[in-house]
Amino acid sequence: MTKWLPVLKPDGKPRYLQIADAIETAIKSGEIATGERLPPQRKLAERLGIDFTTVSRAYTEAHARRLVESHVGRGTFANAPAHTRHEIDPRRARDEDLSMNMPPEPQDPDLLERMQEGLRTVSANLISLLRYQSTTGGVQDKTAASSWLSKRGMVPSLERIAITPGAHATITAILSTMTRQGDVVLCEGVTYPGLRAIAARMGLQLIGLPMDGSGVLPDALDAAIHLYQPKALYLNPTVQNPTTLTIPQARRMEIAEVLIRHRLPLIEDDAYGFIPAVAPAPFATLAPNLTWHIGGLAKCLGAGLRLAYTVAPNARAAYSLAQALRATNVMPSPICMALATRWIEDGTADAIRHFVRTESAARQKIVADTLVGHDFRGEPEAFNIWLKLPIGASRAELMGRMAGRHVGLMPSDAFTVLGTPDEHVRVCLGGIIQREELRAGLLFMANSLSDAGWMG
């Protein structure tokens with residue numbers, strides 16, 4: 001079919017959702033038969049007199065609802081009507097927070113089916129998963145966590161592993177076991193905004209350390225330990241948020257030597273550590289008796305799981321962490337734990353991780369094509385860049401201009417601990433947005449940055 005044309009109504013609903021709804025209605029009514037080819041996206045955009053990106057988003061939405069399947073070189077084809085399954089609730093399907101750094105979302109039908117099959121399998125134990133359970137996970141889930149952590153070269157005993165409700169809650173709990181109001185915690189000069197929020201809430205002094213192209217400077221760390229007598233150091237050492245910097249192995253060994261000499265605990269936030277195909281060994285393998293390793297699943301599997309695989313320095317520390325988590329979070333979601341365990345056991349987790357890695361590389365290529373001549377830092381497997389604005393440009397003005405384009409921007413103010421925030425923004429390449437819309441958004445941003453008329 002190449003002549004089908006949806007009717008767009010002036011009802012205030014976004015056009016891409018109107019087109020997706022029209023596809024669904026046409027399939028259910030038989031106007032579009034199962035297996036029929038839908039019009040090519042560019043032709044449909046021309047016929048409707050709208051942007052290609054709007055039609056692209058509509059087809060992506062239809063794909064997410066499992067209404068259609070796309071085949072490279074062949075086109076987009078209608079699936080059978082969904083009479084026996086629950087349909088996607090559009091109120092949830094479009095919910096996103098552009099202030100967060102989100103990985104690209106899978107669209108491949110086979111991978112989506114594997115992910116959904118895991119959920120169906122887990123649902124067989126739904127009643128038992130609705131009960132109160134262990135504060136930090138049972139043996140089955142910790143065994144799966146150990147298997148996952150082994151991909152980063154760690155082989156901790158199960159008594160040191162705690163399955164926790166996300167990195168943010170875990171950092172809070174860890175700091176509650178080792179600090180009191182007024183204590184000092186060290187971190188990178190530009191660091192994870194969540195740590196800044198936690199420190200402010202707990203009344204802690206956050207001291208940023210100077211960095212070079214390899215990360216925190218060991219001499220500066222040593223001097224800060226002598227000067228401030230801190231309770232801990234926080235690092236996000238692999239594909240760091242927001243700079244995408246990865247601390248190389250040699251620098252890690254230098255930092256570890258300083259920590260061991262001073263017996264200073266380290267909170268290693270390894271949120272992005274599972275994404276690169278090859279990454280330096282975690283600090284938990286260099287200073288295991290001092291390191292709290294947090295292997296969050298938000299960036300490699302999905303933020304909605306709200307899980308992290310945390311390795312404590314020893315069994316006693318793991319017990320203290322469990323007590324702190326019990327007081328604030330009671331337990332991680334058993335449903336989420338069961339789903340993550342299933343995905344690890346049947347290989348789906350690795351497939352998702354591979355998708356995030358390869359799709360991020362494709363999106364970094366789009367950045368390289370569209371932001372030619374601009375100053376930014378990005379890594380092939382990172383799903384954000386750290387963009388330095390040209391002289392005279394304003395991060396606030398740029399964010400205003402980019403509103404509504406589904407490209408998540410966050411200004412340097414949110415990340416800066418050491419010194420005054422400069423004209424940098426973190427640009428997220430993931431989330432709901434797909435490649436063509438991302439390309440269009442980045443081209444618009446590049447043109448905005450080249451528009452000398454608004455730079456003061």
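This is a predicted model: local features need pLDDT of at least 70, side-chain atom pairs count only at pLDDT 80 or more; totals for chains, interfaces and linings use all residues.
Seven strands, the 7 in the order β3-β11-β10-β9-β8-β4-β5, make up an open sheet with mixed pairing. At its edges stand β3 (161–164) and β5 (205–209); each has a single partner strand, so one side of each is left without a neighbour in the sheet. From one strand to the next, the twist averages 20°. Further in, β8 (residues 232–235) pairs with β9 (residues 266–269) in the parallel sense over 3 bridges, and L233 has L266 as its bridge partner in β9. Helix α8 lies across β3, β4, β8, β9, β10 (291–296) and β11 (308–311), and runs at about 165° to β10.

Follow α8 (167–178) onward and you come to the loop between this helix and β4 (184–188), which is where D183 sits. D183 is buried yet has no salt bridge, and K231, the nearest side chain of opposite charge, is 4.6 Å away. The cut-off for a salt bridge is 4 Å between a side-chain nitrogen of Lys or Arg and a carboxyl oxygen of Asp or Glu, so D183 goes without such a partner. A polar atom of the D183 side chain does lie 2.7 Å from the backbone nitrogen of R180. Beyond its neighbours within four places in sequence, D183 is in contact with M178, L204, Q205 and K231.

Another pairing is worth a visit. Strands β1 (residues 68–71) and β2 (residues 75–78) pair in the antiparallel sense over 4 bridges, with V68 opposite A78 in β2. Their hairpin has 3 residues between the strands, and G73 there takes a positive phi near 85°.

Now for the charged pairs that do meet: the count comes to 24 salt bridges. R363 and E359 form one of them, at 2.8 Å from N to O. Both lie in helix α14 (residues 348–370), 4 residues apart, about one turn of the helix. R363 is buried, with a relative accessible area of 1%, and E359 also counts as buried, at 9%.

R395 and E423 meet in a salt bridge too, at 2.9 Å from N to O. This pair links distant parts of the chain, with R395 in helix α15 (residues 395–401) and E423 in the loop between β14 (409–411) and β15 (424–428), 28 residues apart. Here R395 counts as buried at 15% relative accessibility, whereas E423 is partly exposed at 29%. Finally, a network of salt bridges links K13, D21, E24, K28, E61 and R65.

Notes: Residues are numbered from 1 along each chain as its sequence is written. Side-chain values use heavy atoms; hydrogens and water are left out. Helices (H or I, at least four residues) and strands (E, at least two) are DSSP runs, numbered from the N terminus. Buried means under 20% relative accessible area, exposed over 50%, partly exposed in between (1.4 Å probe, protein chains only). Lys and Arg count as positive and Asp and Glu as negative; His and the chain ends are not counted. A polar contact is a pair of N or O atoms within 3.5 Å; within protein, one must be able to donate a hydrogen and the other to accept it, and residues adjacent in sequence count only if both atoms are side-chain atoms. Contact means heavy atoms within 4.5 Å. Two strands pair if DSSP finds at least two bridges between them. Axes are lines fitted to C-alpha atoms, for helices over the stretch in contact, and angles run from 0 to 180 degrees between N-to-C directions.
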